[in-house]
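Subject: Structure handover

Hello,

The sequence and structure are below.

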Amino acid sequence: MLDRDRQTALAALYFLTGHSCDPTFRRIARLFYFADRFHLTRYGRLICAGDYIATEDGPVPRVVDDLLSDEGGAPLPPPDMGWLSDSEMEGLVFALAWYDGYHFDRLRDLSRDDAWGAADESGVISIEALVASVGNPPGLLAHISDPHP
C-alpha cells in the first residue's frame, strides 16, 4: 500500500496525464509544479509534501520521481481519485488551463524560476525557496514549517 503522498501523487499524475495535450513525463512534471505553486499560494501547502528536485528541464516533485523510479518502468496501479481534495483538483485544473497549451521549451523556461535556481548542490529545492518564489505571502513560511498548524 502506498502512503498518502504517493497515493495523492499517483492520482494527480493520472489526472494530468489524462487531460494534457501531450502527456509526456517532462510536461506532466512541469504541470505538477505549476499546480503546486498555485496550491501553495492559495491554500498554504503543497499537493504532496516533500522536496522538489531541480532537473535540467525544471523542478520535479521528489515523491513523483521516487514513485516512477521505484516502479522501474512497470505500469503503475490505477489510483483512487478520492485521494485528491477539491483544492488539489483546483490546482491541477488551473495548471492545465493556464500552462498545458505552451510549447515545452516555454514550460521549461517558466519552471526554471528562482526556486529552481536556488537548489542546493544535490539539486534539492527547499520549501523556503519555493515560498520565496511565490512572493513569500505573510505567514506562509511559518505556517508551512509548523508540523501542527
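A cavity here is a set of points, on a 1 Å grid over the protein atoms alone, where a 1.4 Å probe fits but cannot get out, and its lining residues have an atom within 4 Å of a point. Grid points are joined across faces, edges and corners, and a volume is the space filled by probe spheres set on the points. This is a predicted model, in which local features need pLDDT of at least 70 and side-chain atom pairs count only at pLDDT 80 or more, while totals for chains, interfaces and linings use all residues. Residues are numbered from 1 along each chain as its sequence is written, and side-chain values use heavy atoms, without hydrogens and water.

The search of the whole structure gave one cavity of 30 Å³ or more. Y33, D36, R37, L40, L46, Y52, L130 and V134 line the largest cavity, whose volume is about 30 Å³. Helix α2 (residues 25-43) gives the most to this lining, with four residues. Helices are DSSP runs (H or I, at least four residues), numbered from the N terminus.

α2 has 19 residues and reaches 26 Å from its first C-alpha to its last, close to the 27 Å expected at 1.5 Å a residue (1.5 Å times one less than the number of residues). Just after α2, G44 has a positive phi of about 75°.

Regards

Methods. 1 Å grid on protein atoms, 1.4 Å probe; cavity = no way out; pocket = protein on both sides within 12 Å on 5 of 7 lines; lining within 4 Å. Helix = DSSP H or I, 4+ residues; strand = E, 2+ residues; numbered from the N terminus.
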